[in-house]
Amino acid sequence: GSESVRKALDPISDVRGKMAIDFSKDPDGEYIIPDHATPMEVRAIFREKGWPFEEYFRFVFVRNPWTRLVSLYRFIDQPGTKPSFADWLVNSRTSGRGGGEEGQVIRRSRRFGTYTLDNFVCDETGTRLVDQVFRMEDMPSVPAQLRARGMPIADDFIPAVNRQPPVDINAYYTPALKAVVAMRYAKDIAEFHYSYPG
């Protein structure tokens, strides 16, 4: 979902995210800010450049965790034997390295994709570094909300990018795995009024 939003914002963006494992610099010395950068990482770059991070409207998206985890698992292209969904989910983490792959250099979407919202957006004091958290499920209302903040978003919708064909979520979850997600993401589920969608 974040790639769809970035594509919609590209025409008005000074800095564009790139598919990269981590931060680097281009030949001109400018930072390449990778897709799925955390707000703490972006704040550090802004401070280094002298940009007023706190004066920007900072927002992220949250998604139903049961759906998000299946989507992330399906997106994984792992060499060798891909673990079962159950093994992958049980071994994933909501902070730290995330993704269930300790010690490996992995794509940021997998590294942070299993985080709880606060583990992704908060600083070391537990303060959220974003002004707004949108639900992915409310995407149709986002362009109007951004325009209301003065952003010249041209379209009334954000086109889907990297959308996967739908699947039966019940094919992935047992009652025990549903309970694991409910426990790990209890705060996100309560705050954003999510429930198991199957």
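A charge sits over a ring if NZ of Lys or CZ of Arg is within 6 Å of the ring centre and within 35 degrees of the ring normal. The legends below use this term for a predicted model.

**View 1. Two charged side chains over aromatic rings.** Lys-178 lies over the face of Tyr-196, and the distance to the ring centre is 4.6 Å. Arg-149 is placed over the face of Phe-57, at 3.8 Å from the centre of that ring.

**View 2. An edge-to-face pair of phenylalanines.** The predicted model holds 15 aromatic pairs. In one of them, the ring centres of Phe-46 and Phe-53 are 5.8 Å apart and the planes stand at 90 degrees, so this pair is edge-to-face; planes over 60 degrees apart fall in that class. Phe-46 is buried, with a relative accessible area of 12%. Phe-53 is also buried, at 5% relative accessibility.

**View 3. A tilted pair between two helices.** The ring centres of Tyr-73 and Trp-88 lie 5.6 Å apart with their planes at 50 degrees, so the pair is tilted. Tyr-73 belongs to helix α3 (residues 65–75) and Trp-88 to helix α4 (residues 85–91), so the pair links distant parts of the chain, 15 residues apart. Both Tyr-73 and Trp-88 are buried. These two residues also belong to a cluster joined by ring pairs, with Trp-66, Phe-85, Tyr-172, Tyr-173 and Tyr-196 as the other members.

**View 4. The largest nonpolar core.** This core has 28 residues, and those that touch the most other members are Phe-85, Trp-88, Leu-89 and Tyr-173. Two or more residues each come from β3, α3, α4, α6 and α8 (175–184). Helix α3 gives the largest share, five residues. Not counting residues up to four places away in sequence, Tyr-173 touches Pro-65, Trp-66, Leu-69, Val-70, Phe-85, Leu-89, Lys-178, Val-181 and Tyr-196. Another core, of 11 residues, lies apart from the largest one; among its members are Val-5, Phe-57, Phe-61 and Phe-134. In soluble globular proteins, nonpolar side chains tend to be buried together.

View 5. Strand β3 pairs with strand β4 (residues 132–135) in the parallel sense, over four bridges. Phe-61 has Phe-134 as its bridge partner in β4.

**View 6. Pro-65 in helix α3.** Pro-65 is found in helix α3. This proline is buried, with a relative accessible area of 1%. Leaving aside neighbours within four places in sequence, Pro-65 is in contact with Tyr-173, Val-181, Tyr-185, Ile-189 and Tyr-194. Between the C-alpha atoms of Pro-65 and Tyr-115 there are 9.7 Å in space, and the two residues are 50 apart in sequence.

**View 7. The two sides of helix α8.** The buried residues of this helix are Leu-177, Val-180 and Val-181. They cover an arc of only 90 degrees around the axis, which puts them on the same side of α8. An α-helix has 3.6 residues a turn, so residues three or four places apart point the same way. The cover over the buried residues of α8 includes α3, α4 and α9 (186–191). On the face turned away from the buried side are the exposed residues Pro-175, Ala-176 and Met-183.

View 8. Asp-123 lies in the loop between α6 (117–121) and β4. This aspartate is buried, with a relative accessible area of 12%. Apart from neighbours within four places in sequence, Asp-123 is in contact with Met-40, Arg-43 and Leu-129. Glu-54 is placed in the loop between α2 (39–49) and β3. Not counting residues up to four places away in sequence, Glu-54 touches Arg-43 and Arg-47. The C-alpha atoms of Glu-54 and Val-130 are separated by 9.0 Å, although these residues are 76 apart along the chain.

Conventions: Residues are numbered from 1 along each chain as its sequence is written. This is a predicted model: local features need pLDDT of at least 70, side-chain atom pairs count only at pLDDT 80 or more; totals for chains, interfaces and linings use all residues. Side-chain values use heavy atoms; hydrogens and water are left out. Rings of Phe, Tyr and Trp (its six-membered ring) pair if their centres lie within 6.5 Å; planes under 30 degrees apart count as stacked, over 60 as edge-to-face and the rest as tilted. Buried means under 20% relative accessible area, exposed over 50%, partly exposed in between (1.4 Å probe, protein chains only). Two strands pair if DSSP finds at least two bridges between them. Contact means heavy atoms within 4.5 Å. A nonpolar core is a set of buried Ala, Val, Leu, Ile, Met, Phe, Trp, Tyr and Cys residues joined through side-chain atoms within 4.5 Å. The arc is that of the directions from the helix axis to the C-beta atoms.
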